[in-house]
Amino acid sequence: MRTIQKYLGEIVYGGIDGAVTTFAVVSGAVGAGLSNSVIIILGFANLLADGFAMSIGAYLSAKSVNDSKNRSQITNIVAYTKKRKTLLDHTKVILKHHGVANKDLDLSADKILEETHDWHNDLRKENDPLAYNNRSPFKIGLSTYFAFICVGLIPLLIYVWDIIWSFPGHLFLWTSILTSLAFALIGFLKTHVTGTSKLKGVIETLALGTIAAVVAYYVGDILEAIVNKN
């Protein structure tokens, strides 16, 4: 559960993109009057290829951030090591001035520097928590791809059902209902990432999916009319 929470952002946005893009493909194909078999072919081709591309992009982006952070940390360590001796000498001078015995100078100065360094690190974590959020780039890419595939598969389920067993209802209507439920769930999960209102998150995600579907449907319809006219 803790791992899921750690990668919830990738799960949410991968799921949103999977549902939107696949539902848009289905809507456009329905608007163009394509057969169910063509809808399934286009849908799965988009689902697998686009999901893979998105996950690779997420992986490479996270890896670049981690590599940059590691280089920065190494530079900071080298710089701190060079300065530490000077700081240690200055600290011992100050402690001696305040009456600390010579035999205790090294230990006292070293302890002060360590506590100061720890305090500085804690302060940086509070002000920039993402800089210390060490997450695996591979798991980021995998979470994105898994969510994209799982949620993006939903708009295709009814058409797969119809091909195998013959679905008794209206295909696109039931596909729209299932996809809307998926959008609502993803919108709800999104609020845990963004910290916004749950109702607002659900409505925003539903609106995004609806707009994408309407645009794709009418684009397909218009293109189908143009092609048939010629």
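Before the first stop, a definition: the expected span of a helix is 1.5 Å times one less than its number of residues. Helices (H or I, at least four residues) and strands (E, at least two) are DSSP runs, numbered from the N terminus. The model is predicted, so local features need pLDDT of at least 70 and side-chain atom pairs pLDDT 80 or more, while totals for chains, interfaces and linings use all residues. Residues count from 1 along each chain as its sequence is written, and side-chain values use heavy atoms, with hydrogens and water left out.

**Stop 1: H8.** Select residues 198-229. At 1.5 Å a residue, the 32 residues of H8 should span 46 Å, and the end C-alpha atoms are 47 Å apart, which agrees. Now colour Gly201, Val202, Thr205, Gly209, Ala213, Ala216 and Gly220: these H8 residues are buried (under 20% relative accessible area, with exposed over 50% and partly exposed in between; 1.4 Å probe, protein chains only). What do the buried residues of H8 pack against? They pack against H2 and H7, with contact meaning heavy atoms within 4.5 Å.

**Stop 2: H2 on H8.** Axes here are lines fitted to C-alpha atoms, for helices over the stretch in contact, and angles run from 0 to 180 degrees between N-to-C directions. H2 and H8 are therefore roughly parallel (under 35 degrees; over 145 is roughly antiparallel, 65 to 115 roughly perpendicular, the rest oblique). Show side chains for the contact: from H2, pick among others Ile16, Val20, Phe23 and Ala24, and from H8 a set including Leu208, Ala212, Tyr217 and Glu224.

**Stop 3: H7.** Select residues 171-194: the 24 residues should span 34 Å at 1.5 Å a residue, and the end C-alpha atoms are 34 Å apart, which agrees. Among the buried residues of H7 are Leu171, Phe172, Phe183, Ile186 and Lys190.

**Stop 4: H7 on H8.** Keep both helices on screen: their axes come within 7 Å and cross at roughly 135°. That makes H7 oblique to H8. The contact includes Phe183, Gly187 and His192 of H7, along with Lys198, Glu204 and Leu206 of H8.

**Stop 5: an annotation.** Finally, select 201-220, one of the stretches that the unreviewed UniProt entry annotates as "transmembrane region". Such positions follow the numbering used here, feature names are shortened, and annotations may be inferred rather than shown by experiment. In the model, residues 201-220 are 100% helix and 0% strand, with end C-alpha atoms 29 Å apart.
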